[in-house]
Amino acid sequence: MKPTDSYTDHSFVSHEDLSQIRSPEALRAKRVEMQRELVEAEVGRDILGWNASINDMHDRLMKHAVELCEREMGEAGFGPPPVSYAFVVFGSAGRQEQTLWSDQDNGLILSDVEHIDKQSYFEEFGRRLTDILEITGYDKCEGKVMCSEPRWCRTSSEWASQLEEWRGDLSWEPVRYLIIASDLRHIAGDMDLADKWRRDFYDGVRGNVALHAAILRNTVRHKKTLNVLGQVVTERFGDHAGDFDVKYGMYIPLVNAARCFALQHDVEESSTLKRLERLIQFEATSLPLLEPTYEAFLTALRLRGLTEATEHEGLLESSGYLLSDELKKKEQFYELRDGLILVRKLHRVLQRQLRFAERRRA
């Protein structure tokens, strides 16, 4: 089935103005209210609308957090931003695939314009913004992919040098950073800075055969989800024995495969859905593989929303596991199994590509 537009406005949550919200605590309260609207909405199987509404909510909250931070900086005596900047996101936020529960993956791109206060201002700005986002309900990233960290807060020219450095070192960690960076999406501030960053990124990736092989090496590792008999592999031990890890068992392998194909075929999109749409549109690789991948990804998005969740101080937190009771629902189980069979096919395709690339280098 050919995909339709991924981001039609389905309005599962109200679009009221957030400009009157003057504190991180009030922004958190608004998030709780918006989350409640989404939970109570009758979504059915409209996963595209559900996903779009959730990510629209997050975008609006994060953009207003940036505005609160600028106001807070002014009130603290730092004044307005000394140069232009862009606040950008990575990870599921960059791909527009956040669930109701989400942590931080973000960065800053600063103008190259010289100003004596630029470094000190944005060091403080990054610290305050990550704190505001944390109060709003976005936990700080355990991997420290945040604008409060020097690695993810750089001027435009520093970013260009950093990308070049990562491309020049094909070991695991630099390639991992490039993969993270490939999901970048602009949220607030100077769009031109984000557009320049994206040009620098894709100019360096396009046609870079050695880098594509290194990305493949990072991509082909994933959690085993089917045994030799084609049966779904659930957790064997611990609190989640009998449950299924949707995020790392199905969702992430599909994200990684779509990203890999997109980078190979010069598809400059950050969203998995849009990457797959463009790949199908361009017939970049086998349609009998891509179209089922699109459908399997919609299933993965829906199953992520069904994972075990608990409420903490008004906000939802998820374990990422689909409980064994959910697996007993036949239609749901068969959708999961079919998706995992597709994941295995994709994995084998990527493994063959990697073997071919490594033979060429030998």
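**Figure 1. The buried residues of helix 10 and their neighbours.** In this predicted model, helix 10 covers residues 272-282, and its buried residues are Thr272, Leu273, Arg275, Leu276, Glu277, Leu279 and Ile280.

Figure 2. At the start of helix 10, Ser271 brings a side-chain oxygen to within 3.2 Å of the backbone nitrogen of Leu273. Just after the helix comes Glu283, whose phi is positive, at about 50 degrees.

Figure 3. The strands line up in the order 3-2-1-4, with mixed pairing. Which strands sit at the edges? They are strand 3 (153-155) and strand 4 (185-189), each of which pairs on one side only. From one strand to the next, the twist averages 25 degrees. In general, the strands of a sheet pair through backbone hydrogen bonds, either parallel or antiparallel.

**Figure 4. Strands 1 and 2, with helix 4 packed on the sheet.** Strand 1 (residues 85-89) and strand 2 (residues 106-110) pair in the antiparallel sense, over five bridges. To find your place, look for Ala86, which stands opposite Ile109 in strand 2. Helix 4 (residues 118-136) packs on the sheet and touches strand 1, strand 2 and strand 3. The direction of helix 4 makes about 155 degrees with that of strand 2.

**Figure 5. Phe87 in the largest nonpolar core.** This core has 106 residues, and Phe87 and Phe125 touch the most other members. What does Phe87 touch, leaving aside residues up to four places away in sequence? Its contacts include Met62, Val66, Leu108, Leu129, Leu133, Cys147 and Ile187, along with Asn106 and His186. As a general pattern, nonpolar side chains tend to be buried together in soluble globular proteins.

Figure 6. How many disulfides does the model contain? The count is zero. For Cys141, the nearest cysteine sulfur is that of Cys147, 11 Å away. Cys141 counts as buried because its relative accessibility is 10%, under the 20% cut-off. Cys147 is in no disulfide either, and the nearest cysteine sulfur, that of Cys153, is 6.8 Å away. Cys147 is also buried, with a relative accessible area of 2%.

Key: Residues numbered from 1 in each chain as written. Predicted model: local features only at pLDDT ≥ 70, side-chain atom pairs only at ≥ 80, totals over all residues. Heavy atoms only, no water. Core = buried A, V, L, I, M, F, W, Y, C linked by side-chain atoms within 4.5 Å. Buried < 20%, exposed > 50% of the residue type's maximum accessible area, 1.4 Å probe, protein only. Contact = heavy atoms within 4.5 Å. Pairing = 2+ DSSP bridges. Helix = DSSP H or I, 4+ residues; strand = E, 2+ residues; numbered from the N terminus. Axes fitted to C-alpha atoms, helices over the stretch in contact; angles between N-to-C directions. Polar contact = N/O pair within 3.5 Å; in protein donor to acceptor, adjacent residues only side chain to side chain. Disulfide = S-S within 2.5 Å.
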